[in-house]
Amino acid sequence: ISVPTSEHANRADSIVTVDDVDWVLKDQALEFTVSDEQSGIAKASISIDGKKFDDFEGDTYSLTYDDIAAGMHTIVIQAVDEVGNPSVDADNTYKVSVDISVPTSEHANRADSIVTVGDVDWVLKDQPLKFTVSDDQSGVAEASISVDESKVGDFEGSEYFLAYNDLAEGARVIAIDVADEVGNTSVKQYPVSVDKSAPVLTVKSYSGGASYSDTYYYTKDSATVTFSFDDGDGSGVKTHKLELVPTYPEGAAVDVTDKAIWTDAACEFTLGKADLADGEYKLVLSTVDYVGNASDLESKTVVIDTTAPEITITYGTDFDNNFLLDIVRYFIYGKDAVTATVSVTDANSPIVSIDTATRLTDGGKINRDSFEHSESRSGGKYTATAVYTISAQYMNRLIVTAIDFPGNAAQLAPDTESENNNDYNTNALLDTVAPTVTFNSPDYTSVHSSDYTVSITIADPVVENVY
């Protein structure tokens, strides 16, 4: 009187249970067996979702994975023993689910971590890439991420963050491998490019003036600075800015981007006396590429100097035999050589040369003193000094010419009116010859018995008045 029974014989190898749902493992056959302890099995069959599917041949039946459609199904094993006792359906019912869909992956924060330039997806600087995996049936069992076919990590849960710093520069292929609980797998690739290099900036040229060392460029009119910028094989330059920074006297930076001339890979800007006061300026070019790498570059210090140097002359006061002849303006009178100290100052530029000359009736003599360029100021000005010795007999008309680095020239001479002159003595009268005394008549060697008049002539070849 006992009834036949059935069993899912390989359940442990063919079923995975997820949240109380029995999922058929991919490509696994379900093996069912029937038995009867007394008279034995006469016949048995298998039905799926209320429809007979097939008959047993013997006491075992293998239902293949491909025989079952996707979804939830009810399998019933019906058996009859040799004496006609049927099995009880309720005791031989097996509910299973079949998952034939593959799991999926997604670049979840693509909009926040990728910028597309042309047809290339560039990873934004310092932005992690967030990938997610999902499966809407049996669920994700495991997932891993690889870069250029080298595994870099496993998912913990449904998310993985791939750091910007974990990616080498260049074109990369990120692959997400996912398997669901029943064994369906998928691999999806995400080609990206990584740019870790900032744009390369250079100063191509300076024009309109002259370079002074590696740090200064001088002009007395205007100077044009040309920059170039290149991002090489990177994402490309997205934004650029050019600022003008007054460095002496110091001032606030001014954005001159709109005043510069821009091309795809260069810009030029002209600093000129028409718009700027004399002083020192720097141009600063700043660029940012599409992924966020930034770079900036300063130009040399461009000095605009339209002002000539200032000249002053002082004469030595330590000579005993020289003195100022007050009755003749500008004259220095002496019987010995006279030392003139020429001082030149310039607010913006080093002094290049000082020429000192004297105009005489028999021609001029020129002394030239050149000075080492100096990048430092003393008391806010560049200074240079020359000492000139006046040693020619008679009238010396002292002429001083000073030139600064950009070429501004100043001259101080006896016939020039200059606020730098300040009535300094630019004419020096040098007399090294003693006066002559001549007795003209009568003969002073004779003896006279009465008063007589003696004619004496006193003369000096240089000075009219003899005391």
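Modeller: Let's start with burial: a residue is buried under 20% relative accessible area, exposed over 50%, and partly exposed in between, with a 1.4 Å probe and protein chains only. This is a predicted model, where local features need pLDDT of at least 70, side-chain atom pairs count only at pLDDT 80 or more, and totals for chains, interfaces and linings use all residues. Residues are numbered from 1 along each chain as its sequence is written, while side-chain values use heavy atoms, without hydrogens and water.

Biologist: Let me try that scale. Is Glu-243 buried, partly exposed or exposed?

Modeller: Glu-243 is partly exposed, because its relative accessibility is 22%. Its salt-bridge partner is Lys-241, with the closest N and O atoms 3.8 Å apart. Lys-241 has a relative accessible area of 34%, so this residue is partly exposed too.

Biologist: How should I read a salt bridge, and how many does the structure hold?

Modeller: Side chains of opposite charge can pair when their charged atoms come close. The cut-off here is a side-chain nitrogen of Lys or Arg within 4 Å of a carboxyl oxygen of Asp or Glu. The structure holds 9 of these bridges.

Biologist: Which residue does Glu-159 bridge to?

Modeller: The partner of Glu-159 is Lys-130, and their closest N and O atoms are 3.3 Å apart. Glu-159 lies in strand β16 (residues 159-162) and Lys-130 in strand β13 (residues 129-134), so the bridge ties together parts 29 residues apart in sequence. Strands, by the way, are DSSP runs of E of at least two residues, numbered from the N terminus. Glu-159 counts as partly exposed because its relative accessible area is 35%, and Lys-130 is partly exposed at 22%.

Biologist: And how far apart are N and O in the salt bridge of Lys-282 and Glu-298?

Modeller: Those side chains meet at 3.1 Å, N to O. Lys-282 sits in strand β27 (residues 279-289) and Glu-298 in strand β28 (residues 294-298), so here the linked parts are 16 residues apart in sequence.

Biologist: Now for sheets. What is the strand order in the open sheet of 4 strands?

Modeller: Strands of a sheet pair through backbone hydrogen bonds, either parallel or antiparallel. Two strands count as paired if DSSP finds at least two bridges between them. In this open sheet the order is β19-β22-β26-β25, with antiparallel pairing. Its edges are β19 (200-207) and β25 (261-262), each of which pairs on one side only. Between β19 and β22 there are 7 bridges, and Val-200 stands opposite Asp-230 in β22.

Biologist: I'd like to zoom in on one residue. In which strand does Ser-228 lie?

Modeller: Ser-228 belongs to strand β22 (residues 222-230), and it is buried because its relative accessibility is 16%. Its side chain makes a polar contact with the side chain of Thr-202 at 2.4 Å. Such a contact is a pair of N or O atoms within 3.5 Å; within protein, one must be able to donate a hydrogen and the other to accept it, and residues adjacent in sequence count only if both atoms are side-chain atoms. Contact in general means heavy atoms within 4.5 Å. Leaving aside neighbours within four places in sequence, Ser-228 touches residues including Val-200, Lys-204 and Ala-265.

Biologist: Where is Asp-19 found?

Modeller: Asp-19 is in the loop between β2 (15-18) and β3 (21-24). Although not a glycine, Asp-19 has a positive phi of about 55°, and it is exposed because its relative accessible area is 72%.
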